Amino acid sequence: MFYPDELIEEVRVRTDIVSVISQYVKLTKKGSGYMACCPFHNEKTPSFHVSPSRQYYHCFGCGVGGNVFTFMMQYDNCTFPEAVKILADRAGITLPEREATQEEKERASLRQTLLAVNKEAATYFYFQLRSPQGARAAEYFRKRGLSEETVRKFGLGYSQNYRDDLYRYLKKKGFNDEAIARSGLAKITEKGIQELFWNRAMFPIMDAGGHVIAFGGRVMGEGEPKYLNSPETMLFDKSRSLFGLHLARRSRRPYFILCEGYMDVISMHQAGFDCALASLGTSLTEGHVAILRRFTKEIILSYDSDGAGKKAAMRAIPLLQNAGLTVRVLNLKPYKDPDEFLTHEGAEFFEARIREAENAFLFQSDVIRDGFDLGDPEQKTRFHREIARMLLAFPDELERTNYLEAVSRRHGIPEQALVSMVRSLSLLLPQNETERSRSVRTSRQREEYESGYSGYTEETETDVPEESGRRTVRSSGLAEDERLVLGWAVSENGHPEKLVEYLEPADFSDETCRMMAGALFPAWKEGRRPEPASLINACAEDPAASAGISDVLDRKLPEDLSAEDAGRILSESVRRIRKEGLKRRLTDPEHAREIIAIQNELGKIDKKT
């Protein structure tokens with residue numbers, strides 16, 4: 001970390017998160033906090049909550065959350081030190097200059113050297129394309145319909161049909177063997193020089209800032225592999241690199257078009273679709289998706305229309321949707337890929353296909369349908385059951401109903417029969433922490449917050465008679481209990497001193513809660529009340545961790561709950577957390593007496609909480 005913790009905390013304390021976020025998002029007062037449509041995923045119903053009292057934000061929809069530093073990092077795509085600097089300047093705080101360590105200087109120097117090597121290599125390939133030896137590659141690009149402007153825009157080139165030509169060129173430019181080898185452009189051994197690319201049409205791969213970080217090459221003539229990418233280096237991680245991103249990020253279109261290959265992207269840009277990009281020789285990864293969501297909220301998939309393309313789309317859709325991105329799928333039939341479509345039909349018809357791009361769920365249902373023989377009653381039933389399982393993924397009842405109606409019409413499934421099947425399958429789902437239960441909980445939390453009740457997830461009713469006049473409550477999952485009691489303890493009306501009397505950090509099974517307890521319990525035992533949002537500073541560069549902390553901070557009991565019921569819920573939760581913690585830690589028979597003694601103490605919690 002570049003700055004002392006005390007200085008970082010001073011910047012955070014002197015920065016009002018509501019004031020900062022309101023510069024980017026329209027906030028509406030809601031109770032003691034503010035609500036807005038989340039800036040990190042596409043939604044129509046506000047689920048993005050900002051707390052002015054505890055200086056954090058949390059989205060009930062996509063789960064992002066954190067403090068003012070993480071908001072700046074996620075919204076402006078900057079690093080933690082950069083976010084601290086931006087907010088320090090805003091608060092009028094002067095940050096000290098820090099001398100880089102020797103290791104940092106060496107790493108930065110190597111990075112700059114590798115960028116310089118790649119830049120020179122790109123220049124070399126570009127001019128080789130215009131040499132007599134590059135005629136075959138130049139003809140290839142012309143046959144693919146690329147203009148000279150497009151070739152220049154993408155820096156396309158050619159690698160000579162020699163094993164050391166580029167190496168000798170780079171040596172003349174002053175680069176040593178280590179730099180050339182670390183760039184991935186050549187292997188240097190006792191047996192000689194072996195360049196990676198030779199006799200190939202060359203495609204420079206650039207980062208978001210337009211720096212050449214790697215290359216792709218298509219062989220001219222016979223040879224394997226047909227397409228070849230640079231190996232991974234300090235600059236190039238194929239699981240986080242996207243071809244064309246440096247151009248697509250500047251597009252004014254509200255979506256990205258995600259393709260499979262270099263030529264698809266290049267052809268689309270030439271036709272005016274400047275939002276096209278592609279992953280590089282690998283399936284779409286979470287790393288790719290994390291980058292995409294920084295720049296757009298909607299993805300149109302334009303994968304090949306063959307079986308492999310459909311499989312790739314089926315893998316990509318859930319990854320994109322789980323990140324909160326809206327997904328549509330382009331229908332390219334009767335052509336295989338975007339390049340072929342544009343060659344035969346042109347930009348106007350391609351634009352029409354974009355407008356008609358298919359809903360991702362309906363596309364998935366079509367692909368699944370093609371895997372069954374609907375003339376066979378048994379397979380037809382299995383297809384209907386698979387559709388019913390897909391519908392269960394929608395936590396919102398109205399949304400699920402809308403999709404149920406649409407898919408019933410599309411595939412000729414009797415609507416009421418499908419409704420019954422969905423209900424039957426929902427009763428068979430295990431009551432554990434599945435992906436679906438998490439999404440259901442997230443949706444419910446948002447609804448409960450808007451009605452004044454947030455954070456206490458309901459799963460199974462306790463045996464409390466209605467005639468007692470006490471409010472009926474339900475017990476939640478263990479992780480939910482842990483987040484509830486911690487959320488209560490850090491709230492304005494919480495009593496953390498009671499929590500530390502009965503619990504230890506090791507009692508918490510949830511990783512986020514265990515980390516928070518480890519940081520907060522020592523202070524609470526000393527009677528201090530540290531600001532919980534400050535915990536996010538230490539994990540600001542870990543989105544999952546900062547979101548987990550903000551989720552805990554958002555947990556609270558309903559305001560209209562009686563003191564008696566609130567105490568009962570909390571005492572039951574504390575007892576359960578302690579009991580489960582003991583089960584995990586004290587399994588050795590030698591600790592049997594200790595377990596019994598502590599369990600006896602747990603019986604007193606009701607009276608003291």
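At 14% relative accessibility, Gln 55 counts as buried, where buried means under 20% relative accessible area, exposed over 50% and partly exposed in between (1.4 Å probe, protein chains only). The model is predicted, so local features need pLDDT of at least 70 and side-chain atom pairs count only at pLDDT 80 or more, while totals for chains, interfaces and linings use all residues. Residues are numbered from 1 along each chain as its sequence is written, and side-chain values use heavy atoms, with hydrogens and water left out.

**Overall make-up**

- The protein chain has 27 helices and 19 strands; helices (H or I, at least four residues) and strands (E, at least two) are DSSP runs, numbered from the N terminus.
- Of the 609 residues of the protein chain, 49% count as buried.
- The accessible surface of the protein chain is about 30300 Å², and 48% of that surface belongs to carbon and sulfur atoms; accessible areas come from the Shrake-Rupley method with a 1.4 Å probe, and for residues only the protein chains shown count as cover.
- Among contacts in the protein chain with a separation of 6 or more, 64% are between residues 24 or more positions apart; contact means heavy atoms within 4.5 Å.

- Gln 55 has a positive phi, near 55°, although the residue is not a glycine.
- The position of Gln 55 is the loop between β3 (48–51) and β4 (56–59).
- Asn 199, also a residue other than glycine, has a positive phi near 55°, and is found in the loop between β8 (192–195) and β9.
- Asn 199 is buried, with a relative accessible area of 15%.

- Strand β10 (residues 212–219) has 8 of its 8 residues buried, so the strand is largely enclosed by the rest of the structure.
- Strand β9 (residues 200–206) pairs with β10 in the antiparallel sense over 7 bridges; two strands pair if DSSP finds at least two bridges between them.
- The two strands β9 and β10 form a hairpin with 5 residues between them, and Gly 210 in the turn has a positive phi of about 90°.
- β10 also pairs with strand β11 (residues 227–229), in the antiparallel sense and over 3 bridges.
- Gly 217 in β10 stands opposite Met 202, and Gly 217 also stands opposite Leu 228 in β11.

**Phe 236**

- Phe 236 lies in the loop between β11 and β12 (242–243), and counts as buried at 1% relative accessibility.
- Between Phe 236 and Ile 213 there are 5.7 Å in space, C-alpha to C-alpha, and the two are 23 residues apart in sequence.
- Not counting residues up to four places away in sequence, Phe 236 touches Ile 205, Ile 213, Ala 214, Ser 230, Pro 231, Ser 241 and Leu 280.

- Leu 292, leaving aside its neighbours within four places in sequence, is in contact with Leu 242, Phe 256, Leu 258, Leu 277, Leu 284, Ile 299, Leu 320 and Leu 325.
- In helix α15 (residues 347–355), the buried residues are Phe 350, Ala 352 and Ile 354.
- The cover over the buried residues of α15 includes β13 (256–259), α11 (262–270), β15 (298–301), β16 (326–329) and α14 (338–345).

**Cis peptide bonds**

- Glu 224 and Pro 225 are joined by a cis peptide bond with omega of about -5°, and Pro 225 lies in the loop between β10 and β11.
- The peptide bond from Lys 333 to Pro 334 is cis, with omega near 15°, and Pro 334 has its place in the loop between β16 and α14.
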